[in-house]
Number of protein chains: 2
Amino acid sequence: MKMEEYALVVAGGKGTRIKSHLPKQFLEVAGLPVLMHTLHAFNRYSSTVQIILVLPEDDFGLWKDLCQRYDFQLPHRLQAGGETRFQSVKKGLEQVPDNSLVCIHDGVRPLVHENLIAASFRLAAIHGSAVAAVRLKESIRMIDQDKTQALDRSRFRLIQTPQTFQSDLIKKAYQVKEDSSLTDDASVAERAGHTISLFEGSYENIKITTAEDLVIADALLQSHKK
Amino acid sequence: MKMEEYALVVAGGKGTRIKSHLPKQFLEVAGLPVLMHTLHAFNRYSSTVQIILVLPEDDFGLWKDLCQRYDFQLPHRLQAGGETRFQSVKKGLEQVPDNSLVCIHDGVRPLVHENLIAASFRLAAIHGSAVAAVRLKESIRMIDQDKTQALDRSRFRLIQTPQTFQSDLIKKAYQVKEDSSLTDDASVAERAGHTISLFEGSYENIKITTAEDLVIADALLQSHKK
């Protein structure tokens with residue numbers, strides 16, 4: 001029997017927010033707020049995947065207002081986030097039942113393709129985890145005291161989301177004590193002793209963090225409409 | 001006295017060319033072929049920097065034709081490249097006199113800002129080398145046999161160009177025997193025993209390698225015109 005599938009879309013702790021700036025996930029690119037593109041990607045993958053959107057509670061009103069303005073009808077549940085990404089994911093996972101699959105995804109990665117989501121669910125069902133990763137396009141150096149040294153870039157992968165897990169595994173892993181080295185869900189699962197399975201991500205699947213990233217995302221999303 | 005400044009713009013070996021496709025450096029983005037944007041960036045930095053453009057000899061005709069069509073007047077010298085990037089740079093360096101500074105730059109990085117070029121010349125004059133590098137935006141994992149492990153991303157840098165050097169240093173370094181681990185000029189200089197100085201690059205300074213990169217570069221270049 002196919003396991004139930006959940007999407008946990010994580011859209012920002014409230015910790016480092018600059019009050020005067022609207023967070024990137026609410027900004028419009030290619031005609032829609034970033035987050036709506038992200039949720040649409042999950043819906044394109046499957047209309048039965050259950051979407052949990054983790055937002056700072058302070059932004060619930062803004063989000064509902066945006067949903068009305070853009071006539072956004074896609075079913076999803078809201079979950080109040082915590083101070084950090086770790087806390088937000090942990091809270092979101094409380095809404096996910098055991099014996100299911102959960103795809104954890106950054107809200108500010110609106111360019112995720114439905115095929116990437118599909119691959120992550122399929123592989124996590126088999127391996128317990130499935131983490132999107134890409135090869136390095138550029139050379140890499142490691143800082144070693146006051147020097148740097150060239151490394152063989154073929155041995156490294158940059159990590160994206162989706163990061164999909166069997167829910168029991170990742171919920172248990174998130175019982176670990178939070179620390180700053182746990183930068184993503186894969187590192188949390190690894191801390192709990194699990195071997196992480198990577199799969200091929202996509203260079204298009206960018207994380208919007210800067211103003212330039214918005215320009216880039218807009219251009220890529222527009223080019224898909226053509 | 002200020003040292004003479006050279007720009008070595010490297011635009012593709014001919015090794016892996018697919019015959020039917022025009023290389024990315026000749027494609028038009030934001031109204032101009034990629035390479036012309038790149039050369040303009042050097043000219044914006046300084047009208048006295050001497051530009052050497054390394055191209056496959058087979059493409060000289062195409063380039064001259066493009067220069068006519070786009071009425072591209074910017075002074076530059078052409079140098080026939082070799083089979084690999086290593087060979088192309090080595091040939092280009094033969095045109096650069098001793099006791100000067102040479103800024104080696106990928107032709108397909110048209111978004112390099114003149115301030116980045118300026119910083120690289122300034123720092124290379126002091127330290128012997130100046131290599132643009134950026135911090136990782138994403139988590140990184142290392143492949144270790146059949147497993148991967150999370151690493152502390154703050155210890156790594158992704159390497160871009162410009163990579164600027166005192167000419168004697170880099171010309172001598174390029175006497176080394178070519179091998180596949182020498183993926184950039186910094187690694188060649190390092191092989192010759194030099195300590196590499198990094199400076200802060202820019203996320204905008206992308207290397208155009210895919211069709212999506214063309215869309216991205218076009219959007220970023222257009223946004224600069226506004």
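Guide: A residue is called buried when its relative accessible area is under 20%, and exposed when that area is over 50%. The model discussed here is predicted.

Visitor: Why is A:Ala30 called buried?

Guide: The relative accessibility of A:Ala30 is 5%. The cut-off for a buried residue is under 20%, so A:Ala30 counts as buried. This alanine occupies the loop that runs between strand E2 (28-29) and strand E3 (32-33) of chain A.

Visitor: What makes the backbone of A:Ala30 worth a remark?

Guide: A:Ala30 is not a glycine, although its phi is positive, at about 45°.

Visitor: Which residue of chain B has a positive phi although it is not a glycine, and where does it lie?

Guide: B:Asp71 has a positive phi of about 50° and is not a glycine. B:Asp71 is placed in the loop between helix H2 (60-69) and strand E5 (77-80) of chain B.

Visitor: Is B:Asp71 buried or exposed, and how do you know?

Guide: The relative accessibility of B:Asp71 is 53%. Exposed means over 50%, so B:Asp71 counts as exposed.

Visitor: Why is B:Ser46 called buried?

Guide: At 14% relative accessibility, B:Ser46 falls under the 20% limit and therefore counts as buried. B:Ser46 belongs to the loop between H1 and strand E4 (50-55) of chain B. Between the C-alpha atoms of B:Ser46 and B:Ala118 the distance is 8.7 Å, and 72 residues separate the two in sequence.

Visitor: What makes the span of helix H1 of chain B agree with expectation?

Guide: Helix H1 of chain B has 12 residues, 34-45.

Visitor: What can be said of the span and cover of H1 in chain A?

Guide: Helix H1 of chain A, residues 34-45, should span 16 Å at 1.5 Å a residue, and the 17 Å between its end C-alpha atoms agrees with that. H1(A) is mostly covered, with 9 of its 12 residues buried. The buried residues of H1(A) include A:Val34, A:His37, A:Leu39 and A:Ala41.

Visitor: Which helices and strands make up chain A, by number, and why is the chain called as compact as a globular protein of its length?

Guide: Chain A contains 7 helices and 11 strands. The globule rule gives 17 Å for 226 residues, and the radius of gyration of chain A is 17 Å, so chain A is as compact as a globular protein of that length. The C-alpha trace of chain A spans about 50 × 40 × 35 Å along its principal axes.

Visitor: How much of chain A is buried?

Guide: Of its 226 residues, 52% count as buried.

Terms used
Residues numbered from 1 in each chain as written. Chains lettered and ligands numbered in written order. Predicted model: local features only at pLDDT ≥ 70, side-chain atom pairs only at ≥ 80, totals over all residues. Heavy atoms only, no water. Helix = DSSP H or I, 4+ residues; strand = E, 2+ residues; numbered from the N terminus. Rg over C-alpha atoms; globule rule 2.2 N^0.38 Å. Buried < 20%, exposed > 50% of the residue type's maximum accessible area, 1.4 Å probe, protein only. Expected span 1.5 Å × (residues − 1).
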